[in-house]
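Reader: I would like to learn how to read this structure feature by feature, with each criterion stated before it is applied. Could we go through it together?

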Amino acid sequence: MKSAMKRAFVGTAAASLLTLALAPAASAYPVGPWGVEGPCKGLQPNECPWSHSDDGLTWSYKGHSANYDKQGNFVCGTGDTPLDNLYCDPIMLAVRALPALPIGKWLHPGS
């Protein structure tokens with residue numbers, strides 16, 4: 001009886017290890033409570049130079065930021081001109097305050 005249990009245990013352990021070895025690597029993204037993938041869609045953390053805000057809506061790299069709505073649609077960017085923040089910051093305040101709406105699609109239809 002013990003021998004049969006041991007074989008079953010070893011077989012189950014081997015099957016589990018094989019399953020883990022053959023499984024695709026999990027992506028580090030999406031992030032934040034809304035699961036936004038940002039500019040790093042499908043990348044591992046060591047492959048993506050962008051850093052993200054805690055809520056996952058703002059992604060920054062070398063002085064530039066890309067901002068997304070709660071559905072993962074691009075909303076606006078900052079860092080290209082000094083005027084970017086004048087419109088992007090208020091829009092992102094609204095994005096964060098409102099429920100998950102397709103604000104990025106409304107601002108950029110067809111993208």
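Author: What follows goes from the overall layout to one helix, the core, the aromatic pairs and a few single residues.

Author: This is a predicted model, in which local features need pLDDT of at least 70 and side-chain atom pairs count only at pLDDT 80 or more, while totals for chains, interfaces and linings use all residues. Residues are numbered from 1 along each chain as its sequence is written, and side-chain values use heavy atoms, with hydrogens and water left out.

Reader: How many helices and strands are there in the protein, and what pattern does it follow along the sequence?

Author: Helices (H or I, at least four residues) and strands (E, at least two) are taken as DSSP runs and numbered from the N terminus. By that rule the protein has three helices and four strands, and the pattern read along the sequence is α-β-β-β-β-α-α.

Reader: What percentage of the residues count as buried, and what does the accessible surface come to?

Author: Buried means under 20% relative accessible area, exposed over 50%, and partly exposed in between, with protein chains only and a 1.4 Å probe; the areas themselves come from the Shrake-Rupley method with that 1.4 Å probe, and for residues only the protein chains shown count as cover. Of the 111 residues of the protein, 26% count as buried, and the accessible surface comes to about 7500 Å², with 64% of it belonging to carbon and sulfur atoms.

Reader: What share of the contacts joins residues 24 or more positions apart?

Author: A contact means heavy atoms within 4.5 Å. Among contacts in the protein with a separation of 6 or more, residues 24 or more positions apart account for 33%.

Reader: Let us turn to helix 2: which of its residues are buried, and which are exposed?

Author: One can begin with the length, where the expected span of a helix is 1.5 Å times one less than its number of residues. The 14 residues of helix 2 should therefore span 20 Å, and the end C-alpha atoms are 20 Å apart, which agrees. The buried residues of helix 2 are Asp-84, Cys-88, Met-92 and Val-95. They cover an arc of only 55° around the axis, which puts them on the same side of helix 2; the arc is that of the directions from the helix axis to the C-beta atoms. On the other side of helix 2, Leu-86, Leu-93 and Ala-97 are exposed.

Reader: Which elements do the buried residues of helix 2 pack against?

Author: They pack against strand 2, strand 3, strand 4 and helix 3 (103-107). Ile-91, also found in helix 2, counts as partly exposed at 24% relative accessibility, and it touches Val-75 and Leu-107 when residues up to four places away in sequence are not counted.

Reader: Which members of the largest nonpolar core touch the most others?

Author: A nonpolar core is a set of buried Ala, Val, Leu, Ile, Met, Phe, Trp, Tyr and Cys residues joined through side-chain atoms within 4.5 Å. In the largest one, which has 14 residues, Trp-59, Met-92 and Val-95 touch the most other members. Strand 3 (64-68), strand 4 (74-78) and helix 2 (84-97) are the elements that give two or more residues to this core, and the largest share, three residues, comes from helix 2. Leaving aside neighbours within four places in sequence, Met-92 is in contact with Leu-57, Thr-58, Asn-67, Tyr-68, Val-75 and Cys-76.

Reader: How many aromatic pairs are there?

Author: A pair of aromatic rings is described by the distance of the centres and the angle of the planes. Rings of Phe, Tyr and Trp (its six-membered ring) pair if their centres lie within 6.5 Å, and planes under 30 degrees apart count as stacked, over 60 as edge-to-face and the rest as tilted. By this rule the count comes to two aromatic pairs. Trp-50 and Tyr-61 form a tilted pair, 5.8 Å centre to centre with 35° between the planes. Trp-50 lies in the loop between helix 1 (2-22) and strand 1 (51-52) and Tyr-61 in strand 2 (residues 58-61), so the pair ties together parts that are eleven residues apart in sequence. The rings of Tyr-68 and Phe-74 have centres 5.8 Å apart and planes at 80°, so that pair is edge-to-face.
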